[in-house]
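Colleague: I have not worked with this structure before. Could you take me through it step by step?

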Amino acid sequence: MGFIEEIARRRTFGIISHPDAGKTTLTEKLLLFGGAIQEAGAVKSNKIKKGATSDFMEIERQRGISVATSVLAFNYKDRKINILDTPGHKDFAEDTFRTLTAVDSVIVVIDVAKGVEEQTEKLVEVCRMRNIPMIVFINKLDREGKDAFDLLDEVEQKLKLNVTPLSFPIGMGYDFKGIYNIWEKNINLFSGDSRKNIEETIAISDINSPELETIVGDKPANTLREELELIEEVYPAFDRNEYLNGNLQPVFFGSALNNFGVRELLDCFIEIAPTPRPKEADTRLIKPEEEKFTGFVFKIHANMDPKHRDRLAFIKVVSGTFERNKPYLHVRHGKNLKFSSPNAFFAEKKEIVDISYPGDIVGLHDTGNFKIGDTLTEGEILNYKGIPSFSPEHFRYVNNADPLKAKQLEKGLDQLMDEGVAQLFTLEMNGRKVIGTVGALQYEVIQYRLEHEYGAKCSYENFPAYKACWVKPQDPKNEEFAEFKRVKQKFLGKDKYGQLVFLADSEFSIQMTQQKYPSVKLYFTSDFH
Ligand code: GDP
């Protein structure tokens, strides 16, 4: 198969949802279709229950053994499908945001009874901002839930999407009869038998044929006809380009647990979902078909086993082919690196590969060369954009609790920050270090990992900040900026890239600062260049 065909058959995507909507279950069913796993229960849930650190540690430990769960690849109908794992827990939302820079599309899973939940809103917003094509899967139709039209309204309003259903439920919960597939024009009858992997479908060429009554009964048949009429009137017809541009989101209904409506979703997905997309770098737009390899690091996974302290850097191949043992330019370091054992990921394992194509994810063993966002090329100087740091929501001083292990602490903190676990700020005034995180859980994780992986001990102390604002003066030499720095001295620090950050203690203080020093611009993500 040629290079262009290899690109054309790839689909790299992420599944996003609020915890418990059914992401893990859906992933597993998709893998079953690909023949990538043999039985249900093979995909480990990456869920953190009750926010317990011990759960997180356990998950990380398991992942250390089988990091393949970060990327689940399988073949289906000649397509190579890469599912990128996105943690659902809100404390790890940043990890998910970063993973979203490496997907070409997403599937959004929504619980039919709970509707649009908080985490879904946040994640969809990020996808919307990046015009990532989205398909919505409304899950758990075997349960009583909200009315299908109400749900579509809710999705449009809360998620600010423009939807069009490509399937529609016939009844729900106790009365759930099945799904009419608008895309394929057939009916899928629900038997509630989760052991069956491939269900029977009945083709319906004409929705007005009396055949429909025989299949689903008189009343449901009538209701369905009315509903389909309404759908045609109210929702736009599906248009692939609109979907690919992020302007239209098709919706499917089903029950992941019962493996119902999943094949329909997958069959439509492989037809409409984008092949690897071009990506913007600081100098130009790079197309996947370009001959020369480029790629970027979107995730770094530490091995939690202290005996094997290597890390795995996950690279998304954007253009060209990534080849084993070929030297590539690490743009930030300005030096060439070769990789003798790049890993590719399959459903439950990873293995060494000689060649990877655009859309693929390669895992590179790393001894500390990589940071999230690093770019590799065949020599061209360019940097991929779009992996911003968001302002943390929690801030604490970090203190060294073991004076003999200062070096270890520094190294540990440095590497954990490279992985994107949290953000470190160094105060201008006294050089003290402040860790900022999205969720309180990360502090325990950091403490645990410093101790177990680096042999360093730390303690925390509250730091009364509310938000980190990246500071950019219009004119670094003007008096206003000098005064700002003088007055706010206690609240200024540098992030790990040396950028100036204002650690504001309240919304009020941010507003006052903006009023008083209008030429000093404040940004809530680090991505303001
Ligand atoms: P995640 O947190 O989004 O990964 O959700 P899971 O896939 O772990 O599912 C959460 C719970 O919902 C589990 O108990 C699943 O068995 C259940 N679940 C998932 N899909 C369905 C479904 O279609 N119907 C029903 N009744 N339960 C489901």
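Colleague: Let us start with two strands. How many bridges join β1 to β3?

Modeller: Five bridges join them, and the strands run parallel. Strand β1 covers residues 10-17 and strand β3 covers residues 79-84. Please keep in mind that this is a predicted model.

Colleague: Which residue in β3 stands opposite Thr12?

Modeller: That is Asn82. Likewise, Arg10 stands opposite Lys80 in β3.

Colleague: And in what sense do β2 and β3 pair?

Modeller: They pair in the antiparallel sense, over six bridges. Leu72, for instance, has Ile83 in β3 as its bridge partner. The hairpin of these two strands has two residues between them, and Lys77 takes a positive phi near 45 degrees there.

Colleague: What is the strand order in the open sheet?

Modeller: The order is β2-β3-β1-β4-β5-β11-β6, seven strands with mixed pairing. At the edges are β2 (71-76) and β6 (163-165), each of which pairs on one side only. From one strand to the next, the twist averages 25 degrees.

Colleague: Which strands does helix α6 lie across?

Modeller: Helix α6, residues 148-159, lies across β4 (105-111), β5 (134-139), β6 and β11 (249-253). Relative to β6, the helix runs at about 155 degrees.

Colleague: Changing topic to the ligand: which residues come nearest?

Modeller: Lys23, Thr24, Thr25, Ser255 and Leu257 come nearest, out of 19 residues around the ligand.

Colleague: Which helix gives the most to that shell?

Modeller: Helix α2, residues 23-33, gives the most, with three residues.

Colleague: How do the residues of the shell divide into nonpolar, polar and charged?

Modeller: Four are nonpolar, nine are polar and six are charged.

Colleague: Let us pick Phe137. What does Phe137 touch?

Modeller: Leaving out residues up to four places away in sequence, Phe137 touches Leu26, Ile107, Val108, Val109, Phe252, Gly254 and Leu265.

Colleague: Where does Leu450 lie, and why does Leu450 count as buried?

Modeller: Leu450 lies in helix α12, residues 441-454. Leu450 counts as buried because it has 24 C-beta neighbours inside 10 Å, and the cut-off for a buried residue is 20 or more.

Colleague: What does Leu450 touch?

Modeller: Not counting residues up to four places away in sequence, Leu450 touches Leu409, Gly412, Ala456 and Cys458.

Colleague: What separates Leu450 from Ile4?

Modeller: Their C-alpha atoms are separated by 45 Å, and the two residues are 446 residues apart along the chain.

Colleague: Finally, the whole chain. How many helices and strands has the protein chain?

Modeller: The protein chain has 14 helices and 31 strands. Of its 529 residues, 44% are buried.

Colleague: Which share of contacts joins residues at least 24 apart?

Modeller: That share is 72%, among contacts in the protein chain between residues at least 6 apart in sequence.

Note on methods. Residues numbered from 1 in each chain as written. Predicted model: local features only at pLDDT ≥ 70, side-chain atom pairs only at ≥ 80, totals over all residues. Pairing = 2+ DSSP bridges. Helix = DSSP H or I, 4+ residues; strand = E, 2+ residues; numbered from the N terminus. Axes fitted to C-alpha atoms, helices over the stretch in contact; angles between N-to-C directions. Contact = placed C-beta atoms within 7 Å. Near = placed C-beta within 6 Å. Nonpolar A, V, L, I, M, F, W, Y, C, P; charged D, E, K, R; others polar. Buried ≥ 20, exposed ≤ 12 C-beta atoms within 10 Å, placed from the backbone.
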